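Q: I would like to learn how to read a model like this one. Please take me through it feature by feature.

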Amino acid sequence: MEKLEKIYVWLSVGILLAFILALIYASVILAVRVPTDVGQIVPNPGEALASATMRTPPFDQPGVQEVAPGKYKVVVLGQAWMFNPPSIELPVGADVTFYGTSLDIDHGFFIPNTDVNMMLLPGQVSILRHRFDKAGVYRIICHEYCGTLHHLMTGTITVK
Amino acid sequence: MSAIVQAQTEVVQDPKHFELSPANRRWILWFILFGFAALAFGVFQGFVQGLNYAGISLFSFLPGMKTYYEGLTAHGVLNAFIFTFAEANGWLSLTTARALGRNLNSRLLALSFVLLVLGTVFAGIPIFLGKASVLYTFYPPLRAHWAFYFGIALAVVSTWIISAAQLWALAEWRKEHKGERIPLMAYVSIMTYIMWDISSLGAASEDLFLLLPWSLNLLPGSDPLLSRVLFWYTGHQIVYYWLLPAYVSWYIFIPRMVGGKLFSDSLARIAFIMFVVLVPVGFHHQYTDPGIGNYFKIAVLILTFGIAFPSLLTAFSIMYALEIGGRANGGKGILGWFLKLPWSNPAVSAQVLAMIAFLPGGITGIMNASYNMNLLVHNTTFVPGHFHLTLGSAVTLSYFGIAYWLIPYLTGRKLALERVAKWQPWVYFLGILIFARGEISGGILGMPRRTALAVINYEPLPGWKLAGALTGIGGTIMFIGCVLFFLVIFFTLIQGKKMESTGDLPFTETYLGAAPSGWQLILDKLSYWVLLSFILIALVYGPFLLTHLPPKLNSPPFQGF
């Protein structure tokens with residue numbers, strides 16, 4: 001190979017490796033995580049998946065729960081075309097773990113300008129953690145197409 | 001440079017007495033024209049969707065487009081599937097036939113064409129009747145009419161038939177050319193289809209074995225997660241099936257058309273091998289999905305950055321060729337050669353602009369693939385901003401450029417409206433820059449994609465209105481660019497001046513040609529690379545399928561569209 005070619009190849013490899021290391025650093029050290037496999041919701045024989053979902057903890061109790069001082073568990077169910085609960089209130093500094101799933105079709109759970117971005121799929125459990133340090137009204141948006149009124153499927157989180 | 005000029009081997013060995021048969025010429029031309037017809041329908045839908053971002057909703061006034069989502073399904077299916085399948089089928093059949101010096105089997109070309117048209121009709125009718133507004137990703141439990149899934153399957157089979165015709169021609173060629181290297185132009189064309197054969201198995205099996213029987217009530221339900229996994233196994237690699245035909249043009253034709261030469265034969269082959277081997281990267285579209293372990297997500301992060309490498313190699317090879325051409329035309333200095341490229345030839349200017357659009361397209365792609373960074377942009381307009389720079393520009397503008405010499409070559413008619421053709425790529429390019437600026441900035445500010453934003457019931461977030469307006473303005477300019485292209489092609493077909501001879505395809509020579517012996521021979525052992533690809537697929541997708549199968553068919557259908 002020519003010299004120029006060699007420099008180019010190693011530069012390319014180096015840049016790509018640096019990107020990968022930076023992302024792994026953000027994941028391991030800064031704890032910016034993506035949803036992972038935490039097991040499925042399994043219906044009993046003859047039972048509908050939606051019924052199984054509604055009796056499986058934590059989805060039997062949608063809403064906000066304070067699990068320790070400053071630590072919250074927010075359980076969200078998506079269904080065409082609303083979130084349950086549609087509005088959530090939290091104190092400033094709340095360290096929240098979101099648990100989400102869907103009762104019918106694929107939905108999305110997205111809070112713009114944060115790193116809360118996950119899919120809600122029937123039978124699957126999505127978990128993400130986020131700390132709300134700034135007061136204000138955050139919009140929740142369903143960002144996975146879910147039929148005719150998909151664009152009306154939103155909610156709010158009020159942090160005060 | 002003199003040390004490099006060791007062998008000036010032609011990329012394509014001179015195929016003596018080769019002439020494209022009338023039947024091959026006819027079917028290839030029909031593929032190219034059918035693809036552009038699909039594009040014409042699709043971009044009209046795209047134009048109306050762009051206006052939706054600017055807050056203008058026209059859907060209720062248009063026939064066959066009752067909702068934003070119906071139009072978006074048509075836009076995706078026609079532009080991302082039918083347009084690209086038809087162009088690749090026609091274009092890479094021609095390059096294979098010419099490179100091997102033998103026509104492809106005309107019956108297979110005819111069969112493939114008929115299946116693609118039937119597939120378009122079967123998928124298109126339910127879309128325009130509002131019975132398949134499931135978007136081109138068709139995730140269950142959204143359930144379309146069975147004809148939609150059947151049509152998609154026919155369209156995919158039509159591409160497999162082209163691959164079979166190519167491989168048949170290659171086998172015949174090998175019998176007569178024992179011990180010879182596969183001509184580069186045939187190599188890259190056939191490898192593109194081999195990559196697609198392997199990659200299409202995921203969505204094809206999802207469509208044929210899960211969704212089509214389910215839409216006929218032969219299965220009790222759907223498995224949403226498994227369907228997404230199978231879809232995206234294909235769904236990422238399909239972007240290379242869109243892109244590699246443009247790479248074929250950039251590697252093999254552009255160097256010659258700018259007065260340069262391709263630098264290295266083996267570097268080009270290595271790039272295509274990497275696309276064949278690094279198939280299993282689809283999980284990177286599912287970073288935000290539940291039910292998929294971190295092993296898979298980290299593995300595809302690394303493999304995806306690996307598959308960025310052949311595109312970086314391509315950037316090197318192509319820029320090298322452009323520089324050789326620009327300097328041969330008298331260009332001086334570090335960048336002066338760039339201005340000396342044959343900009344007045346729309347076949348060249350469209351493709352160089354396509355390459356320029358591909359720079360931000362590739363960079364935004366790497367950002368999407370960046371694991372946890374994906375949390376900021378997943379399913380926002382950042383993503384369509386990205387793929388309108390790649391599929392919507394790098395690929396589409398390249399096909400415009402290719403058409404500017406290919407349609408005269410196939411029809412024997414000179415290009416009509418030449419001045420319009422000279423302006424057309426610039427208009428489209430200006431449009432995409434504004435459009436992508438709108439979508440990308442909107443995405444960073446949280447504007448969701450695939451959403452009828454003109455009719456939402458909440459106040460748009462700060463910055464969305466500007467981003468949406470830019471998207472609408474840019475989309476309109478892109479649409480005007482497309483209309484200009486269609487005018488040029490239409491008038492070329494009906495009143496282009498007859499040429500005495502269409503000449504030969506303008507393919508390039510290489511500085512470093514294919515060596516007849518040595519380590520390079522392994523590059524032509526196609527089966528090795530296919531085997532390696534399957535091993536890698538088994539390592540990435542095997543553990544998921546082993547733990548997930550059998551399918552959990554417990555989600556009832558949903559038809560709320």
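A: Start with overall extent. The radius of gyration is taken over C-alpha atoms, and the globule rule is 2.2 Å times the number of residues to the power 0.38. Keep in mind throughout that this is a predicted model.

Q: What radius of gyration does chain A have, and what would a compact globule of 160 residues have?

A: Chain A has 20 Å, but a compact globule of 160 residues would be near 15 Å. Its C-alpha trace spans about 65 × 40 × 30 Å along the principal axes. Buried residues account for 35% of the 160 residues in chain A.

Q: Which elements make up the secondary structure of chain A, and in what order do they run?

A: Chain A has two helices and ten strands. Read from the N terminus, the order is α-α-β-β-β-β-β-β-β-β-β-β. Now turn to sequence separation. Take the contacts in chain A between residues at least 6 apart in sequence: 56% of them join residues at least 24 apart.

Q: Now a single helix. What span does α1(B) reach, and what is expected?

A: Helix α1 of chain B covers residues 22–53, 32 residues in total. From first C-alpha to last it reaches 46 Å, close to the 46 Å expected at 1.5 Å a residue. The helix is mostly covered, with 23 of its 32 residues buried. Just after α1(B), G55(B) takes a positive phi of about 90°.

Q: How are two packed helices described?

A: By the angle between their axes and the distance between the axes. Take α2 (residues 68–100) and α4 (residues 146–176) of chain B: their axes come within 10 Å and cross at roughly 5°. Angles under 35 degrees count as roughly parallel, so α2(B) is roughly parallel to α4(B).

Q: Which residues make that contact, and of which classes?

A: From α2(B), they include F81(B), I82(B), F85(B) and L100(B). From α4(B), A155(B), I162(B), L170(B) and W173(B) are among them. By class, the contact of α2(B) with α4(B) has eleven nonpolar, six polar and no charged residues.

Q: How many residues does each chain bring to the contact between chain B and chain A?

A: Chain B brings 53 residues and chain A brings 47. On the side of chain B that touches chain A, α6 (224–257), α8 (294–328) and α11 (374–377) each supply at least two residues. The most come from α8(B), with nine residues. That side of chain B divides into 33 nonpolar, 16 polar and four charged residues.

Note on methods
Residues numbered from 1 in each chain as written. Chains lettered and ligands numbered in written order. Predicted model: local features only at pLDDT ≥ 70, side-chain atom pairs only at ≥ 80, totals over all residues. Axes fitted to C-alpha atoms, helices over the stretch in contact; angles between N-to-C directions. Helix = DSSP H or I, 4+ residues; strand = E, 2+ residues; numbered from the N terminus. Parallel < 35°, antiparallel > 145°, perpendicular 65-115°, else oblique. Contact = placed C-beta atoms within 7 Å. Nonpolar A, V, L, I, M, F, W, Y, C, P; charged D, E, K, R; others polar. Expected span 1.5 Å × (residues − 1). Buried ≥ 20, exposed ≤ 12 C-beta atoms within 10 Å, placed from the backbone.
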